[in-house]
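Me: Could you walk me through a structure? I'd like to go slowly.

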Amino acid sequence: MKDEIPMRDRILDSLAQNGADDWLSGEALSRRFGVSRAAVSKHVSALREEGHIIESVPRRGYRLISRADPWADDDAREGLRTRVLGQAEWIWLKETGSTNQVAALEAMQGAGEGLVVVARRQNEGRGSKGHRWFNLPGSLSFSVLTRPCCPPEKLAALPYLAMEACAAAVEKSCGVTLEKRRPNDLFLNDRKVVGILVESLFHNADLQWAVVGIGVNVNVPPAAVPPELEGIASSLYAETGTAFSVTKLLRHILEELEERLLPGA
């Protein structure tokens with residue numbers, strides 16, 4: 001029976017049993033499971049990609065700070081206080097190019113308002129001005145399909161409204177106050193933790209739909225931030241030392257978005 005349990009799950013269980021206050025060395029894990037230390041490191045990386053927060057320090061080893069949130073739409077829908085957003089279809093993806101691309105394609109094929117597309121990992125995520133959005137382990141990446149009554153001249157307000165919604169949701173879920181920087185970024189301790197990208201389709205002067213894409217670095221360990229982003233990007237966990245519920249934050253963002261984009265819904 002033991003051999004039927006995936007190696008990364010066995011490593012995760014060992015780290016969980018060891019507790020968050022004690023370190024478990026890669027050498028000890030290597031001996032325990034009869035695999036190389038390189039294999040242990042590879043499995044730990046895979047666990048981080050699933051959203052588990054695992055810290056590592058040379059010559060000390062690993063420790064599990066927090067397990068990933070459950071990965072199912074039922075968990076996100078439970079307690080969701082919206083009338084439109086998240087009340088229809090959800091698409092859950094382990095990996096995709098861009099949640100905005102998926103949501104836009106669904107919109108063009110007639111998907112209903114309120115569709116939510118969530119991905120564990122994006123490999124073609126984009127931010128404002130065509131910049132790349134790095135999708136880091138422990139982050140939240142999703143897009144929402146909306147059809148707000150909005151003339152073209154008001155479209156520029158959508159990213160700011162989404163930014164306000166994210167800031168309010170983080171305050172409610174995590175007790176953390178973020179700095180809003182136009183056009184669509186949120187910062188903590190002068191480091192970017194939230195990025196927003198709004199894309200839309202008009203027919204003549206009428207807005208057909210708008211896709212709001214949001215990326216939040218929630219539980220990204222400091223070691224997972226790429227060297228080129230050090231001092232530029234961070235996460236709620238890295239800046240506060242506290243792990244937060246990604247699922248709870250997702251629910252609160254949807255609620256705050258609906259309040260601002262679809263008043264009276």
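Predicted model: local features only at pLDDT ≥ 70, side-chain atom pairs only at ≥ 80, totals over all residues.

Me: At what angle do helix 1 and helix 3 pack?

Reply: Helix 1 (residues 7-18) and helix 3 (residues 37-49) pack at about 85 degrees, and their axes are 9 Å apart, which makes helix 1 roughly perpendicular to helix 3 (65 to 115 degrees counts as that).

Me: Which residues make the contact?

Reply: Helix 1 brings Met 7, Arg 8, Ile 11 and Leu 12, and helix 3 brings Val 40, His 43, Val 44, Ala 46 and Leu 47, where contact means heavy atoms within 4.5 Å.

Me: New topic: how many aromatic pairs does a search of the whole structure find?

Reply: The search finds one, formed by Trp 90 and Trp 92, which are stacked at 5.3 Å centre to centre with 5 degrees between the planes (ring centres within 6.5 Å make a pair, and planes under 30 degrees apart count as stacked).

Me: And is Trp 90 buried or exposed?

Reply: Trp 90 is buried, at 8% relative accessible area, whereas Trp 92 is partly exposed at 23% (buried is under 20%, exposed over 50%, and partly exposed in between, with a 1.4 Å probe and protein chains only).

Conventions:
Residues numbered from 1 in each chain as written. Heavy atoms only, no water. Axes fitted to C-alpha atoms, helices over the stretch in contact; angles between N-to-C directions. Helix = DSSP H or I, 4+ residues; strand = E, 2+ residues; numbered from the N terminus. Parallel < 35°, antiparallel > 145°, perpendicular 65-115°, else oblique. Phe/Tyr/Trp six-rings, centres within 6.5 Å; stacked < 30°, edge-to-face > 60°.
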